[in-house]
Amino acid sequence: MPRYSQDKLAAKAPVPRQAFTIQEFCDSFGISTAFYYKLKKQGQAPREMKIGARTLISLEAAADWRIAREGAAVD
């Protein structure tokens with residue numbers, strides 16, 4: 001069995017998540033995908049980005065959306 005140096009082990013470290021799928025976003029915030037699409041139709045969903053055929057929501061967009069929702073709850 002080969003021995004791995006610290007450099008090789010560091011190279012295999014997991015890459016930090018940068019975006020959610022719509023399903024992951026919904027699971028993270030405890031909402032249904034139906035409610036997500038309702039919010040989207042109302043113009044209240046987070047910003048999305050298209051990567052090929054996939055639709056993703058960046059962590060920054062999710063955080064901005066959360067902050068906006070918190071502000072809306074106070075108003």
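How many bridges join strand β2 to β3, and do the two strands run parallel or antiparallel? Three bridges join strand β2 (residues 49-51) to β3, and the two run antiparallel; strands here are DSSP runs of E with at least two residues, helices are runs of H or I with at least four, both numbered from the N terminus, and two strands pair if DSSP finds at least two bridges between them. This is a predicted model, in which local features need pLDDT of at least 70 and side-chain atom pairs count only at pLDDT 80 or more, while totals for chains, interfaces and linings use all residues. Residues are numbered from 1 along each chain as its sequence is written, and side-chain values use heavy atoms, with hydrogens and water left out.

**Strand β3 and its partners**
- Strand β1 (residues 19-21) is also joined to β3 by three bridges, and these two strands run antiparallel.
- β2 and β3 form a hairpin with two residues between them, and G52 in the turn has a positive phi of about 65 degrees.

- Four of the five residues of β3 are buried, which leaves the strand mostly covered; buried means under 20% relative accessible area, exposed over 50%, and partly exposed in between, with a 1.4 Å probe and protein chains only.
- S58 is found in strand β3 (residues 54-58), and it counts as buried because its relative accessibility is 15%.
- Leaving aside residues up to four places away in sequence, S58 touches Q18, A19 and M49, where contact means heavy atoms within 4.5 Å.

**Aromatic pairs**
- A search of the whole structure finds six aromatic pairs; rings of Phe, Tyr and Trp (its six-membered ring) pair if their centres lie within 6.5 Å, and planes under 30 degrees apart count as stacked, over 60 as edge-to-face and the rest as tilted.
- One of these is the edge-to-face pair of F20 and F25, with 6.4 Å from centre to centre and 70 degrees between the planes, and both F20 and F25 are buried.
- F25 also pairs with Y36, and this pair is edge-to-face because the ring centres are 5.8 Å apart and the planes stand at 70 degrees.
- Since F25 lies in helix α2 (residues 22-29) and Y36 in helix α3 (residues 33-41), the pair ties together parts that are 11 residues apart in sequence.
- F25 has a relative accessible area of 0%, and Y36 is likewise buried at 0%.
- F20, F25, F29, Y36, Y37 and W65 form one aromatic cluster.
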